[in-house]
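Let's walk through this structure together, one neighbourhood at a time. Please have your viewer ready and follow along residue by residue.

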Amino acid sequence: MANQTRIAKINDEIRRELGALIPRLKDPRVRGLISVTRVDTARDMSLAKVYISVLPGTADGGEVIKGLVAASGFLRHELGQSLKLRLSPEIKFFLDDSISHGAHIIDVLNTIRHAEGDQNDSDAE
């Protein structure tokens with residue numbers, strides 16, 4: 001249980017640090033509104049899966065991931081320095097499309113709501 005608490009704290013620290021480091025990257029592929037949504041670190045600290053969300057319309061998520069993969073060595077080194085970890089985990093980046101998926105669901109619900117409203121208006125006539 002204590003190990004899970006420690007891993008959860010490390011996940012939060014990695015998320016916070018990467019959130020501060022990513023905007024400072026000079027890679028032109030890493031642009032737009034980017035946020036670190038979640039970090040899952042392995043128990044042995046060998047791997048950290050980092051989930052990135054890119055606001056639709058600000059940048060191409062695939063290109064952002066490519067830029068982050070290219071900068072992963074730098075980011076890993078900076079994490080090791082700032083978090084003072086004995087072993088810095090390897091960083092793997094994944095695109096988290098939950099925000100765009102949520103926006104799509106809202107659009108579908110709004111379309112259904114408007115269609116039902118039109119149906120009710122025609123029934124009233």
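Let's begin with Val108, which counts as partly exposed because its relative accessibility is 37%; buried means under 20% relative accessible area, exposed means over 50%, and partly exposed is in between, with a 1.4 Å probe and protein chains only. Before going further, a word on the ground rules: this is a predicted model, in which local features need pLDDT of at least 70, side-chain atom pairs count only at pLDDT 80 or more, and totals for chains, interfaces and linings use all residues. Residues are numbered from 1 along each chain as its sequence is written, and side-chain values use heavy atoms, with hydrogens and water left out.

Val108 sits in helix H4, which covers residues 98-124. Helices (H or I, at least four residues) and strands (E, at least two) are DSSP runs, numbered from the N terminus. Together with Ile105, Leu109 and Ile112, Val108 forms a nonpolar patch on the surface, and the four share about 320 Å² of accessible area. Such patches are made of residues with over 30% relative accessible area and no salt bridge; nonpolar side chains (Val, Leu, Ile, Met, Phe, Trp, Tyr) are joined within 5 Å, and like charges within 9 Å. The areas themselves come from the Shrake-Rupley method with a 1.4 Å probe, and for residues only the protein chains shown count as cover.

Now let's turn to the aromatic rings. How many aromatic pairs does a search of the whole structure find? The search finds one. Its rings belong to Tyr51 and Phe94, and the pair is stacked because the centres are 5.5 Å apart and the planes stand at 25 degrees. For this label, rings of Phe, Tyr and Trp (its six-membered ring) pair if their centres lie within 6.5 Å; planes under 30 degrees apart count as stacked, over 60 as edge-to-face, and the rest as tilted. The pair links distant parts of the chain, with Tyr51 in strand S2 (residues 47-54) and Phe94 in strand S3 (residues 90-95), 43 residues apart. Are the two partners buried or exposed? Tyr51 is buried, with a relative accessibility of 16%, whereas Phe94 is partly exposed at 34%.

Next come the charged side chains. The structure holds six salt bridges, each being a side-chain nitrogen of Lys or Arg within 4 Å of a carboxyl oxygen of Asp or Glu. Glu13, Arg16 and Glu17 are linked in a network of these bridges. Arg16 meets Glu13 at 2.4 Å, N to O, and Arg16 also meets Glu17 at 3.2 Å. Arg16 and Glu13 both belong to helix H1 (residues 2-21), where they are three residues apart, about one turn of the helix. Arg16 is partly exposed at 47%, and Glu13 is partly exposed at 32%.

What about Glu17, buried or exposed? Glu17 is buried, with a relative accessible area of 15%. Glu17 is also found in helix H1, and beyond its neighbours within four places in sequence it is in contact with Leu79, Ser82 and Leu83, where contact means heavy atoms within 4.5 Å.

A further salt bridge joins Glu63 and Lys66, with the closest N and O atoms 3.5 Å apart. These two are three residues apart in helix H2 (residues 61-70), so about one helical turn separates them. Glu63 is partly exposed at 31%, and so is Lys66 at 49%.

Helix H2 also contains Ala70, which counts as exposed at 56% relative accessibility. Setting aside neighbours within four places in sequence, Ala70 is in contact with Asp27 and Arg29. Ala70 and Asp27 are 43 residues apart in sequence, with their C-alpha atoms 8.7 Å apart in space.

Our last stop is Glu78 in helix H3 (residues 72-83). Glu78 is partly exposed, at 22% relative accessibility. Not counting residues up to four places away in sequence, Glu78 touches Leu21 and Arg24. The C-alpha atoms of Glu78 and Ser88 are separated by 9.3 Å, and the two residues are ten apart along the chain.
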